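Me: I would like to go through this chain term by term, with each label set against its cut-off. Please start once the structure is shown.

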Amino acid sequence: MIINPPIDDLMKKADSKYSLVVATAKRAREIQKTGVVFTECDSDKPVTIAIHEINENKVTFNVPDQDKVTVDNRLIQMFEEIEKDMIGDIQ
């Protein structure tokens, strides 16, 4: 059985298999939610459609710069509160 599109072609679209899987999953959820597709393929499965869209450059995705990670202030506050609770429990 031949996988279409070939993984070698798909890997040219992403910097890692992980990025490719995440992008495919996000796009498949969009397809499932909205029903909007940008390509024609033999399958009606959202993941297969998403893979074909990525391979045909019908959708693109950006990989965030790993050196520039931003943290939401709410997340920082949540960790600070957890830290305070842990210190309070110890004392």
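Reply: Contact here means heavy atoms within 4.5 Å. By that criterion, what covers the buried residues of α2 includes α1 and α3. This is a predicted model in which local features need pLDDT of at least 70 and side-chain atom pairs count only at pLDDT 80 or more, while totals for chains, interfaces and linings use all residues. Residues are numbered from 1 along each chain as its sequence is written, and side-chain values use heavy atoms, with hydrogens and water left out.

Me: What makes a stretch a helix here, and how many helices and strands are there in the chain?

Reply: Helices are DSSP runs of H or I with at least four residues, strands are runs of E with at least two, and both are numbered from the N terminus. On that basis the chain has four helices and zero strands, in the order α-α-α-α.

Me: Which residues of α2 are called buried, and what does the word require?

Reply: Buried means under 20% relative accessible area, exposed means over 50%, and partly exposed is in between, using a 1.4 Å probe and protein chains only. In α2, the buried residues are Ser 19, Leu 20, Ala 23, Thr 24, Arg 27, Ala 28 and Ile 31. They lie on the same side of α2, because they cover an arc of only 160° around the axis; the arc is that of the directions from the helix axis to the C-beta atoms. On the other side of α2, Tyr 18, Val 21, Arg 29, Gln 32 and Lys 33 are exposed. Across the chain of 91 residues, 20% count as buried.

Me: Why is Thr 34 called exposed, and which polar contacts does its side chain make?

Reply: Thr 34 is found in helix α2. Its relative accessible area is 51%, therefore Thr 34 is exposed. A polar contact is a pair of N or O atoms within 3.5 Å; within protein, one must be able to donate a hydrogen and the other to accept it, and residues adjacent in sequence count only if both atoms are side-chain atoms. A polar atom of the Thr 34 side chain lies 2.8 Å from the backbone oxygen of Glu 30, and one lies 3.2 Å from the backbone nitrogen of Val 36.

Me: Why is Val 36 counted as partly exposed?

Reply: Val 36 is found in the loop between α2 and α3. Its relative accessibility is 39%, so Val 36 counts as partly exposed. Not counting residues up to four places away in sequence, Val 36 touches Arg 27 and Ile 31.

Me: Is Thr 39 buried or exposed, and what does Thr 39 touch?

Reply: Thr 39 also lies in the loop between α2 and α3. Thr 39 counts as buried because its relative accessibility is 13%. Leaving out residues up to four places away in sequence, Thr 39 touches Ile 49, His 52, Glu 53 and Glu 56. The side chains of Thr 39 and Glu 56 are joined by a polar contact of 2.4 Å.

Me: Which residues of α3 are buried, and what covers them?

Reply: In α3 (residues 46-55), Ile 49, Ala 50, Ile 51, His 52, Glu 53 and Ile 54 are buried. Their cover includes α1 (7-11) and α2 (17-34). α3 is followed by Asn 57, whose phi is positive, near 60°, in a residue other than glycine.

Me: What makes a set of residues a nonpolar core, and which residues make up the largest one?

Reply: A nonpolar core is a set of buried Ala, Val, Leu, Ile, Met, Phe, Trp, Tyr and Cys residues joined through side-chain atoms within 4.5 Å. The largest has seven residues: Leu 10, Ala 14, Leu 20, Ala 23, Ile 51, Ile 54 and Val 59. α2 and α3 each supply at least two residues of this core. Leaving aside neighbours within four places in sequence, Leu 10 is in contact with Pro 5, Leu 20, Ile 51 and Asn 55.
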